Amino acid sequence: MPDDAEPRRTKGTGVRFAYETLRDEILSLALEPGALLDETSLAERFGMSRSPVREALIRLAGDDLVVTLANRSTIVAPIDIRSFPRYVEALDIAQRMNTRLAAELRSETDLKAIARRQKDFEAAVKTGRHLQMSGANKDFHMTIARAGGNPYLTAFYERLLDQGRRMLHLHFDYLERGRGGYLLTGEHAEMLDAIRRRDVERADALAHAHTRQFRDSFVDFMTETYLADVPLGASDRPG
């Protein structure tokens, strides 16, 4: 057997390896929106048959990260900038409701878990690795959502956070260039404090401001960098 031959994988690990590798490359924008994902080329790259690659692409489609076209080719899902205002409206509602519930219903165990996730996010920011940062950001907010105790709102919120991770990657880049590393850590700490104090109204206001800050920075970044002709200005911004 050649020295560089791939070690034998147990059943199912090939799918997981292909899925996790492609997911991370899509979320970090190493694979750009609209990039073609050819099963044969990917199978050769990963040293496996096309079957686990196909299964990985099916899982990615379920995550809304890839799209199968009419001709059966698969591409990285485009980022639909024109629908961004509607996305932010949904994110704002989910974020505010889950944070309000957490402030009202959290336990001491929940507070400890949220505080740990906040520390994890601060540590991720220090690495400068955007994929790690977006993952830690999601973990922080999902811990808040679970403290609220509504599984339906939690599931809806998680899907929105997942759909926004590529946009958050660009958001981090913009903040690093323009805000000297601010990167939401202060806002997270304030949200944790409001939840700890059971201050429902302040938790709501902070969650709303958190969404607005993400929205404004992302729109400014995209307008400045790519989309001078796309109507994402102040008139399109919610509340």
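Helices (H or I, at least four residues) and strands (E, at least two) are DSSP runs, numbered from the N terminus. The model is predicted: local features need pLDDT of at least 70, side-chain atom pairs count only at pLDDT 80 or more, and totals for chains, interfaces and linings use all residues. Residues are numbered from 1 along each chain as its sequence is written, and side-chain values use heavy atoms, with hydrogens and water left out.

Q: How many helices and strands are there in the chain?
A: Read from the N terminus on, the elements of the chain follow the pattern α-β-α-α-β-β-α-α-α-α-α-α-α. The chain holds ten helices and three strands.

Q: What percentage of the 239 residues in the chain do buried residues make up?
A: A residue is buried under 20% relative accessible area, exposed over 50% and partly exposed in between (1.4 Å probe, protein chains only). In the chain of 239 residues, the buried share is 46%.

Q: In which order do the three strands form an open sheet?
A: Two strands pair if DSSP finds at least two bridges between them. E2 and E3 (residues 74–76) pair in the antiparallel sense over three bridges, and Thr68 stands opposite Thr74 in E3. Across the open sheet, where the pairing is antiparallel, the order is E1-E3-E2.

Q: Which strands stand at the edges of the sheet?
A: Each edge strand has a single partner strand, so one side of each is left without a neighbour in the sheet. The edge strands are E1 (36–37) and E2 (66–68).

Q: Where is the place of Arg72, and is Arg72 buried or exposed?
A: Most residues other than glycine have a negative phi. Arg72 is not a glycine, although its phi is positive, about 75°. The place of Arg72 is in the loop between E2 and E3. With a relative accessible area of 75%, Arg72 is exposed.

Q: What is the relative accessible area of Arg198?
A: Arg198 has its place in the loop between H9 and H10. Its phi is positive, about 55°, although Arg198 is not a glycine. Arg198 is partly exposed, at a relative accessible area of 43%.

Q: How far apart are the end C-alpha atoms of helix H1?
A: The expected span of a helix is 1.5 Å times one less than its number of residues. H1 (residues 13–27) has 15 residues, so it should span 21 Å. The end C-alpha atoms of H1 agree with this, being apart by 21 Å.

Q: Which residue with a positive phi follows H1?
A: The buried residues of H1 include Val15, Ala18, Tyr19 and Leu22. H1 is followed by a residue whose phi is near 70°, namely Leu29.

Q: At roughly what angle do the axes of H5 and H6 cross?
A: Axes are lines fitted to C-alpha atoms, for helices over the stretch in contact, and angles run from 0 to 180 degrees between N-to-C directions. The axes of H5 and H6 come within 8 Å and cross at roughly 170°.

Q: Which relative direction do H5 and H6 therefore have?
A: Angles under 35 degrees count as roughly parallel, over 145 as roughly antiparallel, 65 to 115 as roughly perpendicular and the rest as oblique. Contact means heavy atoms within 4.5 Å, and the residues in contact include Phe121 and Val125 of H5 and Asn137 and Phe140 of H6. H5 and H6 are therefore roughly antiparallel.

Q: How far apart in space are Val125 and Asn137, C-alpha to C-alpha?
A: Val125 lies in H5 (residues 108–127) and is buried, with a relative accessible area of 16%. Val125 and Asn137 are twelve residues apart in sequence. Their C-alpha to C-alpha distance in space is 9.7 Å.

Q: Which residues of H9 make the contact with H6?
A: H6 (residues 130–148) and H9 (residues 185–196) pack at an angle of about 15°, with their axes 12 Å apart. That makes H6 roughly parallel to H9. From H6, the contact is made by Asn137, Phe140, His141 and Ile144, and from H9 by His188, Met191 and Ile195.

Q: Which residues does Thr211 touch, not counting residues up to four places away in sequence?
A: Thr211 lies in H10 (residues 200–225). At 2% relative accessibility, Thr211 counts as buried. Apart from residues up to four places away in sequence, Thr211 touches Val88, Leu91, Asp92 and Gln95.

Q: How far apart in space are Asp220 and His171, C-alpha to C-alpha?
A: Asp220 lies in H10 and is partly exposed, with a relative accessible area of 32%. Asp220 and His171 are 49 residues apart in sequence. In space, their C-alpha to C-alpha distance is 9.3 Å.
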